[in-house]
Amino acid sequence: MKENKENETLDYTDLQLLDTLQRDASLSNQTLAERLGLSAPTCLRRVRRLHALGLIERSVTVLQPERAASLLGHGLQALVEITLDRQSAEALGAFEALAVAEDAVQQCWRVSPGPDFMLVLHCWDMPAYLALSQRLFAQHANVRNVKAFFATKRAKFSPHLSLLAAEPDRGDQHTLPR
């Protein structure tokens, strides 16, 4: 069976689509097509292909925390360094599975050098943070060190990946790794 290499490459229009959708995923297909100078059917076909390739993981709504705080309260945002006693693949995997299962964990990163993990947490208040820290850190026998930094102000937040920073030649094809 012959593989279709065309489906595994990205052109400049694909990069523009991905860039535009990262900035505003709520755009209608018609608006997206108009912005990129495509027909609506071509735009829809390309977006579906980008989903099928796994490049678009999901579309979400990003809340503005200061506006939400007036209704819900500020909550508590923390960046937490975690160092484990043992760093075997099994030990790292076990802690990672525990962390990602918690709704209060917004981000979980394995890092190097230094701590083994960096977590971004959002809890409604200090008692909620203490309960979470008991579940994740105190009851987990392999956690050696926890260092929490509590956020006082969010200066920037963006999940945007810069795809068009160095504009490629419009004829360039970018092949996806297998």
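**Entry 1: Arg46**

I looked up Arg46 and found this residue in helix H3; helices (H or I, at least four residues) and strands (E, at least two) are DSSP runs, numbered from the N terminus. The model is predicted, so local features need pLDDT of at least 70 and side-chain atom pairs count only at pLDDT 80 or more, while totals for chains, interfaces and linings use all residues. Residues are numbered from 1 along each chain as its sequence is written, and side-chain values use heavy atoms, with hydrogens and water left out.

Is Arg46 buried or exposed? I note Arg46 as buried, at 15% relative accessibility; buried means under 20% relative accessible area, exposed over 50%, and partly exposed in between (1.4 Å probe, protein chains only). I then listed what Arg46 touches, not counting residues up to four places away in sequence: Asp11, Thr13, Asp14, Leu17 and Leu38. Contact here means heavy atoms within 4.5 Å.

**Entry 2: salt bridges**

I searched the whole structure for salt bridges and got 8. The criterion is a side-chain nitrogen of Lys or Arg within 4 Å of a carboxyl oxygen of Asp or Glu.

One of them joins the side chains of Asp11 and Arg46, at 3.0 Å from N to O. Asp11 sits in the loop between strand E1 (9-10) and helix H1 (12-23) and Arg46 in helix H3 (residues 40-52), so this pair ties together parts that are 35 residues apart in sequence. Asp11 is buried, with a relative accessible area of 16%. I also noted a network of salt bridges that links Asp11, Asp14, Arg46 and Arg49.

Next I checked Arg23 and Asp19, whose side chains form a salt bridge at 3.1 Å, N to O. Both residues lie in helix H1, 4 residues apart, which is about one turn of the helix. Arg23 is exposed at 59% relative accessibility, whereas Asp19 is buried with a relative accessible area of 9%.

The side chains of Arg110 and Glu96 form another salt bridge, at 2.7 Å, N to O. This pair links distant parts of the chain, with Arg110 in strand E3 (residues 105-110) and Glu96 in helix H5 (residues 89-100), 14 residues apart. I have Arg110 as partly exposed at 43% relative accessibility, and Glu96 as partly exposed at 29%.

Two packed helices are described by the angle between their axes and the distance between the axes. Axes are lines fitted to C-alpha atoms, for helices over the stretch in contact, and angles run from 0 to 180 degrees between N-to-C directions.

I took H1 and H3 and found axes that come within 11 Å and cross at roughly 80°. H1 is therefore roughly perpendicular to H3; angles of 65 to 115 degrees get that label, under 35 is roughly parallel, over 145 roughly antiparallel, and the rest oblique. Thr13, Asp14, Leu17, Leu18 and Leu21 of H1 make the contact with Cys43, Arg46, Val47, Arg49 and Leu50 of H3. By class, the contact of H1 with H3 has 6 nonpolar, 1 polar and 3 charged residues. For these classes, Ala, Val, Leu, Ile, Met, Phe, Trp, Tyr, Cys and Pro count as nonpolar, Asp, Glu, Lys and Arg as charged, and the others, Gly among them, as polar.

For helix H2 (residues 29-36) and H3, the axes come within 9 Å and cross at roughly 100°. H2 and H3 are also roughly perpendicular to each other. On the H2 side the contact is made by Asn29, Gln30, Leu32 and Ala33, and on the H3 side by Ala40, Cys43, Leu44 and Val47.

**Entry 3: Ala33**

I followed up Ala33 of helix H2. Ala33 is buried, with a relative accessible area of 0%. Leaving out residues up to four places away in sequence, Ala33 touches Leu38, Ser39, Ala40 and Cys43. The C-alpha atoms of Ala33 and Arg46 are separated by 10 Å, at 13 residues apart along the chain.

**Entry 4: a cis peptide bond**

I checked the peptide bond from Ser112 to Pro113 and found it cis, with omega near -5°. Pro113 is placed in the loop between E3 and E4.
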